[in-house]
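A short account in running paragraphs is enough.

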Amino acid sequence: MDPHAVRTGPIRSLRASLLALLLPVMTACAGSPPPPEPDAWDPIEPANRQVYVFNEQLDRFVAKPLADAYVFVTPRFARRGVTNFFDNMGEPGNALNNTLQGKPGDGARDTGRFLINSTLGLAGLFDVATPLGLESTGDEDFGQTLAVWGAPEGMYLVLPAYGPNNTRDINDIPVSLASNPVTYVGWTVALPLYALDLVNTRARLDQAARFRSEAALDEYDFTRSAYRQYRDNLIWDGEPPEADFFDDLDDDFDW
């Protein structure tokens, strides 16, 4: 599965679920991210569950039928080009956030990938940068940047038509829109493009959706846990710290 799927709507829930299964600040301002919090803070769980049910119905009756029709009429190579295009449109945001996290080398690599793929790769339909040695640095967003700066995870949220989030990561929504070139082509073009991105991503995650439905006893709990594991993995660049055994003992016993 491509690691650059867009994070939108019920699709974000499915992507987080799948990746959790597959994965067992500026320099002066940036610090170490806070350690992963052991338990989700979900004080509005009843409301979150209601929104979750709404999102699942939206996926069942709108997103999935559209995705199935899209796969039926669109050849695989064309879908690959669509994925490449939207991955490329995310590179400016990757560059911005890598730089803000104190990783200017990765930010420069993201910028190089964007320039090469936007020109030689025909607006990103083809990934020319990777064969040239500029491999992707992965997804970076402003939620990760805030975590690197020391901001806590905050309260878990499920947003209508958007999916799992929290009070830290929600700050990425305006930043992602502002850093994506698609936003600036005019909404008459941008809205259909973003809709295509959603449908294309939902099509790519169809198997993950079926697996989650079959494997999870409580899909809400499964998705919440998967989202948090996925976010911790991104924040720590694939190496989240393990819980300390003696810290756990301190929590369990009154010494």
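The account below takes a hairpin, a helix contact and a cavity in turn.

This is a predicted model, in which local features need pLDDT of at least 70, side-chain atom pairs count only at pLDDT 80 or more, and totals for chains, interfaces and linings use all residues. Residues are numbered from 1 along each chain as its sequence is written, and side-chain values use heavy atoms, with hydrogens and water left out.

Helices (H or I, at least four residues) and strands (E, at least two) are DSSP runs, numbered from the N terminus. Strand β1 (residues 156-159) pairs with strand β2 (residues 163-166) in the antiparallel sense, over four bridges; pairing requires that DSSP finds at least two bridges between two strands. Val158 has Pro164 in β2 as its bridge partner. The two strands, β1 and β2, form a hairpin with three residues between them, and Ala161 in the turn has a positive phi of about 60°.

Helix α2 (residues 45-73) and helix α8 (residues 187-204) have axes that come within 8 Å and cross at roughly 85°. Such axes are lines fitted to C-alpha atoms, for helices over the stretch in contact, and angles run from 0 to 180 degrees between N-to-C directions. α2 and α8 are therefore roughly perpendicular to each other, a class that covers 65 to 115 degrees. In contact (heavy atoms within 4.5 Å), residues of α2 including Leu66 and Tyr70 meet residues of α8 including Leu196 and Val199.

The lining of the largest cavity includes Glu153, Asn166 and Arg168. Helix α10 (residues 219-235) gives the most to this lining, with four residues. A cavity is a set of points on a 1 Å grid over the protein atoms alone where a 1.4 Å probe fits but cannot get out, and lining residues have an atom within 4 Å of a point.

Technical notes
On a 1 Å grid over the protein atoms alone, a cavity is a set of points where a 1.4 Å probe fits but cannot get out, and a pocket is an open set with protein on both sides within 12 Å along at least five of seven lines; lining residues have an atom within 4 Å of a point. Angles under 35 degrees count as roughly parallel, over 145 as roughly antiparallel, 65 to 115 as roughly perpendicular and the rest as oblique.
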